Amino acid sequence: MDLEQITIPNLYKRKKSDRDIFQELMPTKVKEVLLVATLYDSYSIVREGQFSDKIRGEYLQLNLYAAPRFTSVNSQEEALLILEHMDFDIIIIMAGLDKDMPVQIARDIYKERPDIPLLLLVNNNADLRYFQIEGQKLNFVDRVFVWNGNSNVFIAMIKYIEDKKNIARDTQNGNVRVILLIEDSIQYYSRYLPILYTTIMTQTQVLVHDEAEDDLHKILKMRARPKVILVSTYEDAVHIINAYNEYLLCVISDVKFEKDGKDDDDAGVELLKYVKKRVKYPIPIMLQSHDISNAQRAREIKAEFINKNSESLSQDIFHFMFKRLGFGNFVFKDSSGTPVMEASNLKEFQEKFKLIPDSVVEYHSRRNSFSTWLMARGEINMAKQLIPMKFEDFETTQELKERCLNVFEKEKLEKLRGRIINFNPELVSSNRFITRLAKGSLGGKGRGIAFISNFIENIDFQKILPGINIRIPATAIIGALEYDKFLEINNLFEDVHNHQDFELIKNLFLQGELDEELGKNLWTYLENVYKPLAVRSSGLFEDSLLQPFSGVYSTFLIPNNHPDIHERFKHLITAIKLVYASIYTESAQSYFDAVNYKIEEEKMAVVIQEVVGHEYNGKYYPHISGVAQSYNFYPVSYMEPEDGFSVAAVGLGIYVVGGESAYRFCPKYPAINPTDVKDQIRDSQKFFYSLDMQQNNFDLAIEGEDAAIKKISIREAEKDGTIENSVSTYDMENDALIPGCYSGPKVVDFANILKYNTMPLSDTLQVLLKLFRDAMGSPVEIEYAIDMEPGEKGWPTFYLLQIKPLIRIEDHANIDIDAASHENLLMYAERGMGNGQVKEITDVIFVDPDTFDRIKTKEIAYDINYFNKQMEEEGREYILLGPGRWGSRDHFTGIPVLWAHISKARIIIEMGLKDFPLDGSLGSHFFHNVTSMNVGYFSVPYNARNAAVDIEILCKQEVIKETEFIKHVRFKEPLTILMNGRQRKGLITY
């Protein structure tokens, strides 16, 4: 795989929302109109100042929000003078009793400003014949119209120019439809265009009212109306048909107009025949003529017909647009044409489509009624998929109906992909978008998940990573506004900020009531979701770019399988309240103090996700969970820090983020494992975590985050048949590991996946880490889970659970450790992170290797917490030194401290002891927080050649306090602490 070609500009094809598209439509708007007319003509139009009011009235009536401004002048001199000082979008020149002067004015203005469209407005029907003949010679005039006493002709003139200028861009950007009108009679098109525009605007208003999300959306959506393009010759019509045939909504044509430079009695009929050949799918066509004998010609080519001399011309056009173009409500009719039901909007249409009998489906499918109506409502993709479906191609009507319903559902979901949508019970199980259960900020974690959702839906991963699906779990978010509302409803503001006792605060939260509307939504949510749920914190500061909180707040996993929905609801509500309360835990309080934030500034959103995995013999878990970072602070062999790393385990991700013995690998070199077989067997994953699906009576309030979680031997996963690709079996005869699950000791090393590529995990991680790093502008960490069961296309599914920045704000001082004196050495390491020089530290708190007991690490963690509180009270920082892995959830592999227990540690050193090997805390929440807090962090393996720590020197210093396992010593002079982040070296001397 060529990662150099995997770049955001090459891959990211942002799927524009309707709002984005509407924003881009109609870039050319007529805002300023110059009207040139004699005093008399101007007066006859303006009528003592009422004209502007009429124009604005017309615009407001049609919900057009920005009426153009008209500026009136009475002579050529005035026109040319004002054009020097003002910009106009169109110029309308009035032609009254004097026919020659307006033409001359138009000619002279055109010479000065050829860029501005010029329209002539005839104020005398008697002169129409003259302009009908002469108009063709006036190539400097865009079009001639006739004033018929109705101000809506001005709207038609303005929209005519706008549509002419915007058609190319709007069809390309927004799939906007086109109505083509071929008419050379000034009198008729001056009458037609206002009718067409009024009808179109009215129809668009209905759509806007039905579907727009807010006022701005309404204004923008009006821009998506069909364009009306007026031409007067056969050649111009053919040009439009060829250029925009896939966007044509209908064609309305006169019978006789110019073809090959002369009037042709068959031009209209020939043109409509050409249209039928040129368009891919049938569209409505109409022939219009003052000669009713042409009705027969229209029937022969299956076109509608309208008599131009009809007294009800306006009504006839209106009827054609509603009947044939799908404007108005959809009326479902049976085989006899009798209406059976009606739908006024898309939602009603889809609901009633499920109910209609076969005879109705047959009636409309033979007439393309469904696609026509959908096309008129801007549902272009939906309509295009229905048009090719012919009734005769299906064995049964039910088969056709189901195909149509599948199209509706597919397109509905396609529109929502990657978006945040308001709560809809029917859609909560989809993993292609985010559901918002209540208003407010999404919080840090929620924002990250929403970003992932949008990002992955705009990249075609199936092309670059065939063999694996990239998804997020089905996700719903309760906005942070509900947290404030919860505190307000239950009068908790004063209590939470005045009490330090977390148990008291927790009980107050548990006794509180959620907002009634949110409660209803959560109940409805549970009526539609039956998978286990992860209820996760999403504080405003959590996973932020500047100071990410990682694992500081609570996450609760609930089976969501109790037969009584009231119990399921109680579990969910309790989990949400406990997540709210977790802002006030000791660990969170310590973190706020460490980063100088005020706790009252924090707000909490809540993320509810379906847990990835399946149920196996009463246990629910994913095949693989993991964490990956785009920067590796401890590379080995020929790996570079920028190659990143991943830590993975069987079962729930608690095992990985808790810092237990998970499998670490570099996605770029997945086959490299520098550890020998003996150590791999010793350090392999022995247990895994799952949700206990057989335990319904757990108590989250008492048992906490682990209430519904079981820690089980990895042998149980073997019985479940879920680890075939995740383990190797030890072959004693050859002292080797054989990929796969056979008889013998097992090592979780994912060999079949990483070495033999049964799924493209390493490629997936490389691509995602690179893209997310580029997108966020910093190194990143992602949490993931993998479902190996066949998903879409029969492929396994890689679920992205979370993304956060991995930031160290390093001191940019250039520290040369090699040149520094190594006399009086206390610690030297070549595996670590941190940069710069730390001064003024004299205190070291360390675990005494002589009294260390690996089965009493919980007691050791308790003692460290005590010492840390003492240092906190004194305002002193210290160096922390101890064996194994700091912050591990597994107390047999290290000291299970929380961040709150070591918050004043400025330098942390992990050291190996004999029979207690060192394996750094990479990938854990603890490690992430140490990283983001810019704490110096170093590893000193047991008997290492290139690292050392002098315990004897520590034991000779003044002992401030000691317990059975811990000593706190103080040097007389501040220690010299040097760190080179680029070389990952650290040196401490006394």
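**Close-up 1. Pairing of Glu32 in strand β1 with Arg69 in strand β2.** In this predicted model, Glu32 stands opposite Arg69, a residue of β2. The two strands, β1 (residues 32–36) and β2 (residues 69–73), are joined in the parallel sense by five bridges.

**Close-up 2. Pairing of strand β1 with strand β3.** Strand β3 spans residues 90–95 and runs parallel to β1, with four bridges between the two strands. Within β3, Ile90 is the bridge partner of Val33.

**Close-up 3. Burial of strand β1 and the directions of its side chains.** Glu32, Leu34 and Val36 point one way from β1, whereas Val33 and Leu35 point the other way. Residues on both sides of the strand are buried. Because five of the five residues of β1 are buried, the strand is largely enclosed by the rest of the structure. Glu32, the residue opposite Arg69 of β2, is among these buried residues, as is Val33, the partner of Ile90 in β3.

**Close-up 4. Crossing of helices α20 and α33.** Helix α20 covers residues 443–456 and helix α33 residues 761–776; their axes come within 12 Å and cross at roughly 115°. Angles of 65 to 115 degrees count as roughly perpendicular, and α20 is therefore roughly perpendicular to α33. The crossing of the two helices is right-handed.

**Close-up 5. Residues at the contact between α20 and α33.** Helix α20 contributes Phe451, Ile452 and Phe455 to the contact, and helix α33 contributes Leu771, Phe772 and Ala775. Six residues of this contact are nonpolar, with no polar and no charged residues.

Definitions and conventions: Residues numbered from 1 in each chain as written. Predicted model: local features only at pLDDT ≥ 70, side-chain atom pairs only at ≥ 80, totals over all residues. Heavy atoms only, no water. Axes fitted to C-alpha atoms, helices over the stretch in contact; angles between N-to-C directions. Parallel < 35°, antiparallel > 145°, perpendicular 65-115°, else oblique. Left-handed = near helix turned anticlockwise from the far one by under 90°. Contact = heavy atoms within 4.5 Å. Nonpolar A, V, L, I, M, F, W, Y, C, P; charged D, E, K, R; others polar. Buried < 20%, exposed > 50% of the residue type's maximum accessible area, 1.4 Å probe, protein only. Pairing = 2+ DSSP bridges.
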